Amino acid sequence: MSEQLNADVVVIGAGVSGLTAARRLDQAGHSVVVLEASDRVGGRTVNLDVAPGVITEGGGQWVGPGQDHVLALLDELGLDTFKTFVDGKSIYLRKGKKKLYEGTVPPLAPMVLADYAQLQLRLERMAKTVPLDAPWKAPEARHWDSITFGRWIDANSFTKEVRLLFKLGFTVTDGEDLHSTSLLVQLARIAGCGGIDHLVNVTGGAQESRVVGGTQLISLRMADALSEKVVLDSPVSRITQDDTGVLVSSARVDVRADQVIVAMAPSDANRIRFAPDLPTRRAMLQRRWCNGTESKLFAVYDRPFWRDKGFNGQAITDLRVANYVVDNSPPDGSVGILLTFLGTAGSGYGLHWSDEILDNPDVRRAMFLADLETLFGPEAAHPRAYLEKDWTHEPWISGCVSSRPPGVITQYTDADRRPVGRIHWAGTETATVNQGYIDGAVSAGQRAAEDAGRALSQNTPASPAIPVTTAQH
């Protein structure tokens with residue numbers, strides 16, 4: 001029989017969003033219990049050990065200017081940031097021709113640059129008509145939500161090269177093939193991130209900085225402060241609510257509370273049974289939501305040797321695996337790390353990954369290292385270590401960045417964040433600004449905490465939480 005706890009609020013999910021919500025409620029004097037299905041905190045942020053005292057980020061890793069919520073939280077937690085390494089030349093390789101360049105724009109022919117510029121201008125003009133709090137109210141919402149972003153790019157670009165660049169850039173940030181993502185979803189993201197340049201750029205953009213020690217430290221610091229209030233290895237199976245409160249049933253404990261915050265992607269929340277049943281719009285949203293399919297591949301070297309050659313480690317290519325490469329080394333350069341992203345869907349970036357690449361790690365590794373050798377020379381073929389983080393087969397997280405196919409926004413509107421009785425929804429998916437980023441997770445957690453706090457002020461608080469001494473972080 002599960003242990004019985006009591007709290008004002010129970011938070012489901014110990015990622016950045018859930019722990020932010022719990023932290024704010026705890027600071028406001030409310031009793032809280034956090035239930036996490038896995039054996040760690042951090043959600044879609046996780047640190048991977050690559051060498052003694054050195055980590056790399058297996059999940060979300062970047063923060064940038066304009067992401068004020070996460071930057072303020074980093075200051076609050078005493079965490080520092082450092083800039084993504086950009087000193088030196090980047091590589092642009094297409095159809096076997098390698099070109100070197102500095103700055104953010106690859107060396108493109110005038111016609112290709114003009115094509116890129118007209119697409120960017122049109123998309124940003126369209127995005128300005130999308131209300132951040134209600135994208136479904138945009139003047140062309142139903143039309144834009146009826147087609148995919150990839151289809152729109154195909155129909156409105158004039159050059160194959162620009163189609164490749166747009167699909168590559170946005171597939172990396174979205175974690176999904178653009179032919180699976182609603183155009184309206186992408187326009188809302190562009191509006192909420194301050195434009196395309198901010199969304200895809202490193203310097204001055206969303207990929208400008210990393211957290212010293214890795215982004216999982218954000219969750220680890222918050223979990224340490226909450227201590228025994230965080231219960232790991234305890235997936236939630238059922239949420240029952242009535243006029244007197246809620247009962248959250250999980251593998252290790254049952255929690256009676258006044259309010260509950262579900263800080264999970266909607267598709268993951270569909271694992272939970274609700275009594276009474278969720279409203280139809282919310283239930284269908286959870287069934288139709290999808291998470292992006294993406295993996296991260298890392299090659300680790302004794303030192304970042306490419307810097308000695310004048311390279312910054314960044315590359316944009318049409319190679320088999322290493323389509324976008326970035327220097328992911330630690331701030332002191334004590335080891336060298338090259339990172340690429342692999343979409344695990346059948347297609348993406350306008351390219352195709354065979355089943356052999358997707359399902360055979362030895363083939364995947366060999367092709368990745370061969371691509372790096374093409375880009376950076378023979379030293380790249382002999383890393384001291386090779387790592388992968390596959391988000392497709394996570395037991396409790398069905399993919400990394402969330403996506404939405406056509407029709408979801410206009411059919412289910414605000415069901416992603418509208419409270420259902422005593423149930424509130426968090427997670428970066430519910431953010432209106434910087435959705436999909438760590439900043440969106442922080443702002444969503446704070447919003448959910450405020451909503452639950454207001455609801456608590458209208459009800460009789462539950463009893464103080466009973467400590468759980470076996471929680472581990």
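This is a predicted model: local features need pLDDT of at least 70, side-chain atom pairs count only at pLDDT 80 or more; totals for chains, interfaces and linings use all residues.
As background, side chains of opposite charge can pair when their charged atoms come close.

## Salt bridges between separate parts of the chain

How many salt bridges does the count come to? The count comes to 22 salt bridges, and one of them can be found between Glu76 and Arg23, where the closest N and O atoms are 2.7 Å apart. Glu76 belongs to helix H2 (residues 68-77) while Arg23 belongs to helix H1 (residues 16-27), so this pair ties together parts of the chain that are 53 residues apart in sequence. Glu76 is partly exposed, with a relative accessibility of 35%, whereas Arg23 is buried, with a relative accessible area of 14%.

Another salt bridge brings together the side chains of Arg384 and Asp302, with a distance of 3.5 Å from N to O. Both partners sit in loops: Arg384 is in the loop between helix H14 (361-376) and strand S22 (385-390), and Asp302 is in the loop between strand S16 (294-301) and helix H12 (305-308), so the pair ties together parts that are 82 residues apart in sequence. Arg384 counts as partly exposed at 45% relative accessibility, while Asp302 is exposed, its relative accessible area being 54%. Salt bridges can also join up into a network, as they do for Arg303, Asp308, Lys309 and Glu379.

Is Arg282 buried or exposed? Arg282 is buried, yet it has no salt bridge, and the nearest side chain of opposite charge, that of Asp416, is 6.2 Å away. Arg282 lies in helix H11 (residues 280-288), and, when its neighbours within four places in sequence are left aside, it is in contact with Pro266, Ala269, Ala415, Asp416 and Trp425.

On the surface, Lys95, Lys97, Lys99 and Lys160 gather in a patch of positive charge. Lys160, one of these residues, has its place in helix H6 (residues 160-174) and is exposed, with a relative accessible area of 63%. Glu102 is also exposed, at 58% relative accessibility, and is found in the loop between strand S8 (97-101) and helix H3 (110-127). Apart from its neighbours within four places in sequence, Glu102 is in contact with Gly88 and Lys89.

## Backbone features in loops

A cis peptide bond joins Ala275 and Pro276, with omega at about -5°. Pro276 has its place in the loop between strand S14 (273-275) and H11, and H11 is the helix that holds Arg282.

Which residue in the loop between strand S10 (230-231) and strand S11 (236-242) should be noted here? That residue is Asp233, which has a positive phi of about 55° although it is not a glycine. Asn434 likewise has a positive phi of about 55° without being a glycine, and is found in the loop between strand S24 (423-425) and helix H16 (438-457). Asp233 is partly exposed, with a relative accessible area of 44%, whereas Asn434 is buried, at 3% relative accessibility.

## Ala21, a buried residue in helix H1

Ala21 is found in helix H1, the helix in which Arg23 also lies, and it counts as buried at 0% relative accessibility. How far apart in space are Ala21 and Ala448, which are 427 residues apart in sequence? From C-alpha to C-alpha, Ala21 and Ala448 are 6.5 Å apart in space. When residues up to four places away in sequence are not counted, Ala21 touches Ile261, Gly445 and Ala449.

Key: Residues are numbered from 1 along each chain as its sequence is written. Side-chain values use heavy atoms; hydrogens and water are left out. Patches are made of residues with over 30% relative accessible area and no salt bridge: like charges are joined within 9 Å, nonpolar side chains (Val, Leu, Ile, Met, Phe, Trp, Tyr) within 5 Å. Accessible areas come from the Shrake-Rupley method with a 1.4 Å probe; for residues, only the protein chains shown count as cover. A salt bridge is a side-chain nitrogen of Lys or Arg within 4 Å of a carboxyl oxygen of Asp or Glu. Lys and Arg count as positive and Asp and Glu as negative; His and the chain ends are not counted. The place of a charge is taken as NZ of Lys, CZ of Arg, CG of Asp or CD of Glu. Helices (H or I, at least four residues) and strands (E, at least two) are DSSP runs, numbered from the N terminus. Buried means under 20% relative accessible area, exposed over 50%, partly exposed in between (1.4 Å probe, protein chains only). Contact means heavy atoms within 4.5 Å.
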